[in-house]
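Open the model in your viewer and keep the selection tool ready. We will go from stop to stop, selecting a few residues each time.

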Amino acid sequence: MTPEPNADAVAERILQAALGTIDLLAVHLGDRLGWYRSLAGEGPASSSELAVRTNTSERYAREWLEQQAITGILVLNDDGDTRRFTLPAAAAEVLTDSNSLNYLAPLARMFAGAAVQMPALLDAYRAGTGVGWSDFGEDVLQSQADMNRPWFHRELERALNQAPDLVSRLQAEETTIADIGCGAGWSTISLARRFPTAKVTGFDVDAASIDLARVNAADSGSAVEFEHIDAAGLPADRFDAVFAFECIHDLPYPVEVLASARQSLRTGGTVVVMDEAVADAFQPPCDDVERLMYGFSLLICLPDGMSHPNSAATGTVMRRATLSGYALAAGFRDVRVLPIEGFGFFRFYELLP
Ligand SMILES: C[S@@+](CC[C@H](N)C(=O)[O-])C[C@H]1O[C@@H](n2cnc3c(N)ncnc32)[C@H](O)[C@@H]1O
């Protein structure tokens with residue numbers, strides 16, 4: 001058994017967490033104000049130069065630059081006359097390269113965006129109600145999209161290729177594919193790239209997400225279509241595959257949505273769920289994946305799920321047995337884990353009708 005930590009150790013841990021929170025919120029400032037992008041794209045800057053380049057206040061820019069240097073993200077170059085600050089290449093990748101699998105500025109944006117809702121979250125925690133996805137607003141919606149986009153864009157094809165049976169079934173002419181809970185549509189666009197002969201449609205209940213998905217598809221030159229509907233009402237006997245990327249744990253009524261997905265399949269069709277790769281059982285203390293997922297759950301996913309009456313209230317930490325229970329209740333005969341490795345924090349399941 002791990003020895004119980006003393007108060008000094010707990011205090012030290014909370015202090016370190018506060019320092020991490022400061023880092024995250026400072027990253028959010030640098031991201032949203034365009035400071036990192038300016039340092040990455042236009043090179044090192046003094047506070048006056050950065051303020052002019054980004055149309056922001058010099059005094060605030062100075063404080064942020066100094067904070068970023070003392071926390072070790074920026075490097076100070078002081079020639080005795082002017083203090084300039086450099087964003088090293090590795091930090092530039094993590095904080096500004098939206099195509100990199102290491103791009104994590106959206107993680108700061110997501111937690112900052114969720115924290116804005118703290119008064120509503122406190123009310124919800126007291127009353128057993130929720131805070132809906134659309135109430136979280138632009139920062140949460142956009143950061144969700146930005147965080148998953150490089151994975152869909154760069155890795156989905158390789159990931160699916162690890163499940164050759166599935167891929168071969170979807171390569172036939174006139175295949176139809178649904179992407180439910182598609183959000184900003186990046187998964188839908190990537191599916192269409194992987195299966196160019198298929199008709200791929202994204203579905204989401206959130207109007208702002210569908211608007212964004214249509215813009216993203218147009219900007220990407222993709223012919224995918226999007227429909228603003230609740231996935232509990234999918235058309236019958238229509239699809240050869242229904243994909244659900246990182247959304248089942250958010251659904252207030254997952255059994256209804258999975259039953260709808262099941263009846264929307266054509267003969268031989270299949271449902272693929274990508275969700276968090278959490279452990280099979282609750283066994284604290286847990287690894288960082290589980291710590292992160294409980295964080296999303298406390299601040300976003302559980303309140304989102306609980307914003308509807310009689311919600312399943314799953315939360316982000318949807319364990320394998322929970323998904324299997326939903327699938328069996330929805331009429332599926334079995335759930336298997338697809339042999340897909342190395343796709344971020346995610347696991348792929350196939351639901352067999
Ligand atoms: C965490 S986001 C995931 C978005 C996207 N699949 C991704 O991986 O980035 C969950 C999405 O599920 C959508 N959603 C929730 N309930 C839904 C429902 N009943 N029908 C369709 N979409 C739903 C939300 O609007 C949101 O866009």
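Select α2 and α5 to begin. The crossing of these two helices, α2 and α5, is left-handed. Left-handed means that the near helix is turned anticlockwise from the far one by less than a right angle; clockwise would be right-handed. Helices (H or I, at least four residues) and strands (E, at least two) are DSSP runs, numbered from the N terminus.

Before moving on, note what you are looking at. This is a predicted model, where local features need pLDDT of at least 70, side-chain atom pairs count only at pLDDT 80 or more, and totals for chains, interfaces and linings use all residues. Residues are numbered from 1 along each chain as its sequence is written.

**Stop 1: α2 with α5**

Helix α2 covers residues 35–42, and helix α5 covers residues 89–96. Their axes lie 10 Å apart, at an angle of about 135°. Axes are lines fitted to C-alpha atoms, for helices over the stretch in contact, and angles run from 0 to 180 degrees between N-to-C directions. The two helices, α2 and α5, are therefore oblique to each other. Angles under 35 degrees count as roughly parallel, over 145 as roughly antiparallel, 65 to 115 as roughly perpendicular and the rest as oblique.

Now select Tyr36, Arg37 and Ala40 in α2. They meet Ala92, Leu95 and Thr96 in α5. Two residues are in contact if their C-beta atoms, placed from the backbone, lie within 7 Å. By class, this contact of α2 with α5 has four nonpolar, one polar and one charged residues. Here Ala, Val, Leu, Ile, Met, Phe, Trp, Tyr, Cys and Pro count as nonpolar, Asp, Glu, Lys and Arg as charged, and the others, Gly among them, as polar.

**Stop 2: α2 with α3**

Trp35, Ser38 and Glu42 of α2 make the contact with Leu50, Arg53 and Thr54 of α3. The residues of this contact divide into two nonpolar, two polar and two charged.

**Stop 3: the domains**

Colour domain 1 (7–95) and domain 2 (111–352). Their bounds come from an automatic or database domain assignment. How far apart are the C-alpha centres of domain 1 and domain 2? They lie 34 Å apart.

**Stop 4: α9 with α11**

Select α9 and helix α11 (residues 186–194), whose axes come within 9 Å and cross at roughly 20°. So α9 and α11 are roughly parallel to each other. The crossing is right-handed. In α9, the residues in contact include Phe152 and Leu156; in α11, Trp186 is one of them. The contact of α9 with α11 has five nonpolar, four polar and three charged residues.

**Stop 5: around the ligand**

Which residues come nearest to the ligand? Of the 23 around it, they are Gly181, Gly183, Asp206, Ala231 and Cys247. A residue counts as near if its C-beta atom, placed from the backbone, lies within 6 Å. The most come from α9, with three residues. By class, the shell has 12 nonpolar, six polar and five charged residues.

**Stop 6: two loops**

Go to proline 285, in the loop between β7 (265–276) and α14 (288–305). A cis peptide bond joins proline 284 to proline 285, with omega about 0°.

Finish at aspartate 237, in the loop between β5 (225–228) and β6 (239–245). Aspartate 237 is not glycine, yet its phi is positive, near 55°.
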